[in-house]
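Work through the exercises below with the model open beside you. Try each task before you read its solution.

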There are 2 protein chains.
Amino acid sequence: MSVTIKDIAKKLGISYTTVSRALNRKPQVNEETMEKIIEEAKKMGYQPNALARGLVKKYTKTLGLIIPDITNPYFPEIARGVEDAARKEGYNVLLCNTNWDQAQEEAYLKILQEKRVDGIIMKAVLDNDENLFHHMNTPLVLLNSRSHEGNYNYVEIDNVRGGFLAAEHLIQSGYKRIGFIGGTTRSYSNNQRMEGYKLALKRYHYPVDEGIILNGEFNTKSGYDLMKKLLKLKNPPDAIFAGNDVIALGALYCVQEAKLNIPEDFGVVGFDHVDFAKIPQIQLSTIKQPKYYMAKQALDILMKEIKNKDIKVNNKMVIEPQLIIGKTTKNTDIKAV
Amino acid sequence: MSVTIKDIAKKLGISYTTVSRALNRKPQVNEETMEKIIEEAKKMGYQPNALARGLVKKYTKTLGLIIPDITNPYFPEIARGVEDAARKEGYNVLLCNTNWDQAQEEAYLKILQEKRVDGIIMKAVLDNDENLFHHMNTPLVLLNSRSHEGNYNYVEIDNVRGGFLAAEHLIQSGYKRIGFIGGTTRSYSNNQRMEGYKLALKRYHYPVDEGIILNGEFNTKSGYDLMKKLLKLKNPPDAIFAGNDVIALGALYCVQEAKLNIPEDFGVVGFDHVDFAKIPQIQLSTIKQPKYYMAKQALDILMKEIKNKDIKVNNKMVIEPQLIIGKTTKNTDIKAV
DNA sequence: CTGAAAGCGCTAACAG
DNA sequence: CTGTTAGCGCTTTCAG
């Protein structure tokens, strides 16, 4: 099928070892023959076989990135950060989307290792799983996730702190009854955010009412549906903290549909600060994650692990979140994006 | 390092061929030994080496997907379609993001082939390139792109028709001076859309004024900047057709900032019908591409090419676009999402 | 500076 | 049903 170094060698009447060396620009090779070989390779349309190379070299210069939902803009922003950083280190990234499906996550973890990627960055679907991390021979860095045994490095936003900031802001904005709409309770980061929210309520002597704490999925539809449920209550909330921006968007829509004025009658705070949250039509109040930066950090840690496969580096990073005040909560200073 | 079939064979005192057969569930193997081998493999944490397998089998069950901008929601939607369809066929997808950088595109094309992916789907950055497709040994299907020589299969929206529909809608909505804000003029699809726009103007006896036809980049900032330019004109447009939804969003923002009422004073039509264009705060009038469907079609064609590597299948698909009327153009029927 | 030989981990004939 | 052998395309000793 495709041209190999042997084909080139035969054509030139030399050994294929020399061809290999020339193509890898080893200094030992005679300059003239080197040039001749490179030229011939180009002429014949030679394409090195990365499989064969990987087999002998024991590395592939490829990384895996496992994320749960590529249509949530949070993850493309992460993906870009990882990819940009990886490229600079000479790595390519195999992006895998699990659709929040744990079986799929496990499958990808397996496949990536079989393809002998040099390392993996993963936002895990769930945190309560024990089977997931069996037989990991490949360096793994978690993103906003924790393994059960806690033996992987990670980069995460301080989710508790973020939840606290969100709820505190709603309280200080004068809302009286603050609900929570989260993603799945099996998600580590979701629960941490909920935790922070409860802490703030307690801190400010607000009651924690489980009746206005709802969890569903990490998407707009779920946000919309759960908001609808909350509004139907006899004693509905006058503000909510959403587990992420995508949920917040659905909630926002529902509130508007109910003809409540935002932010006067109802306040909404999200989490992530994804790009669409910034647009003037929305300007969502939210908790900012420095996504690009976090992605870069995760990659840096992964690089260290790869370069010291024997030594177990301990490198866990917790990033400080930042409250962004938009126009979906009361004390807004409206400003340009 | 990691466990190989030889290790398992040694441990069990049998030949590694038998191990290979058992692990591949070949029916010929004795059931008992088969079970024993599989169990031992699990116990030892065996992970097949896909590189070695690929080397001998000549396929990798991996596909490449090259896109220019993962943060434009159009592409995640495409990516999901490709990935879902690929998974059903037993393939994984290597997602590559070029950031609209042609050198990067070429690099990825090369890398993917070196990794011996079985096929590639690509939205090309530019259409005017001749070097790009050199030495393609790998099946390639283009998405909303054309190769210079036209010798690759593709799936595309009818961009001319889409541009026509957009401009026609603005005309019929009563706007008098309709501009165009596009991405780069080196993009095939962009130019086709512009073409359709001009056709509509001519058809309805509107003048084609190059002074209100601006091109820049395919992002929100560019849309905003170019819109600003247009509004500064002595004789500014009262509507624009944007090359895609992301550009439209930037334009929308700029128009609102200028305190013009949408849709009364100013109309905007985008292209793509990405998810955010549907949200109630925006409800962008736009041209719909059935993205998921198109991705699936591209994958189907690619599958055919892979399965008939010798026979050159000719399979070019042009999809009909659909006008979606939102609330950024006058004759709106406001409706739920 | 160049070649011969071994081997990466696996599958695929070919025997037995 | 199982083992032996060869070979995928490449890099890496080890000689020369």
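**Exercise 1. The surface near DNA strand D**

Which element gives the most to the surface near DNA strand D, and with how many residues?

Solution. Start with the model itself: it is predicted. Next, count the surroundings. DNA strand D is surrounded by 24 residues. The closest are Thr4(A), Ser20(A), Ala52(A), Thr17(B) and Asn30(B). Now look for the elements. α2 and α4 of chain A, and α2 and α4 of chain B, each supply at least two residues. The top contributor is α4(A), with 5 residues. Last, sort by class: 10 nonpolar, 11 polar and 3 charged.

**Exercise 2. The surface near DNA strand C**

Find the residues that come nearest to DNA strand C, then name the element that gives the most to this surface.

Solution. Step one: 23 residues lie around DNA strand C. Ser15(A), Asn30(A), Thr4(B), Ser20(B) and Ala52(B) come nearest. Step two: in both chain A and chain B, α2 (16-23) and α4 (50-57) each supply at least two residues. Step three: α4(B) gives the most, with 5 residues. Step four: the classes are 10 nonpolar, 11 polar and 2 charged.

**Exercise 3. Relating the two chains**

Solution. The turn is 180 degrees, and the shift along the axis is 0.0 Å. The RMSD is 0.1 Å. The two copies are therefore related as by a two-fold rotation axis. The same surface serves both copies, since 100% of the contact residues of chain B recur in chain A.

Now describe the contact. Chain B gives 38 residues and chain A gives 38 residues. On the side of chain B that touches chain A, the elements giving two or more residues include α4, α5 and β2 (92-97) of chain B. Others in this group are α6 (102-114), α10 (245-257) and α11 (275-278) of chain B. This side divides into 18 nonpolar, 13 polar and 7 charged residues.

**Exercise 4. A helix among its neighbours**

Why can α5(B) be called largely enclosed?

Solution. First, place the helix. α5 of chain B covers residues 74-88, which is 15 residues. From first C-alpha to last, α5(B) reaches 22 Å, close to the expected 21 Å. Then check burial. The cut-off is 20 or more other C-beta atoms within 10 Å. Of the 15 residues, 11 are buried, so α5(B) is largely enclosed by the rest of the structure. Among the buried ones are Tyr74(B), Phe75(B), Ile78(B) and Val82(B). After α5(B) comes Gly90(B), with a positive phi near 85 degrees.

**Exercise 5. A covered strand**

Which residues of β5(B) lie on each side, and which strands pair with β5(B)?

Solution. Now the partners. β4 (140-143) of chain B pairs with β5(B) in the parallel sense over 3 bridges. Leu143(B) stands opposite Val155(B). β11 (317-319) of chain B also pairs with β5(B) in the parallel sense, over 3 bridges. Here Ile319(B) is the bridge partner of Ile157(B).

Terms used
Residues are numbered from 1 along each chain as its sequence is written. Chains are lettered from A and ligands numbered from 1 in the order in which they are written. This is a predicted model: local features need pLDDT of at least 70, side-chain atom pairs count only at pLDDT 80 or more; totals for chains, interfaces and linings use all residues. A residue is near a molecule or strand if its C-beta atom, placed from the backbone, lies within 6 Å of it. Helices (H or I, at least four residues) and strands (E, at least two) are DSSP runs, numbered from the N terminus. Ala, Val, Leu, Ile, Met, Phe, Trp, Tyr, Cys and Pro count as nonpolar, Asp, Glu, Lys and Arg as charged, and the others, Gly among them, as polar. The expected span of a helix is 1.5 Å times one less than its number of residues. A residue is buried if 20 or more other C-beta atoms lie within 10 Å of its own, exposed if 12 or fewer, and partly exposed in between; C-beta atoms are placed from the backbone. Copies are superposed by least squares on the C-alpha atoms of residues with pLDDT of at least 70 in both. Two residues are in contact if their C-beta atoms, placed from the backbone, lie within 7 Å. Two strands pair if DSSP finds at least two bridges between them.
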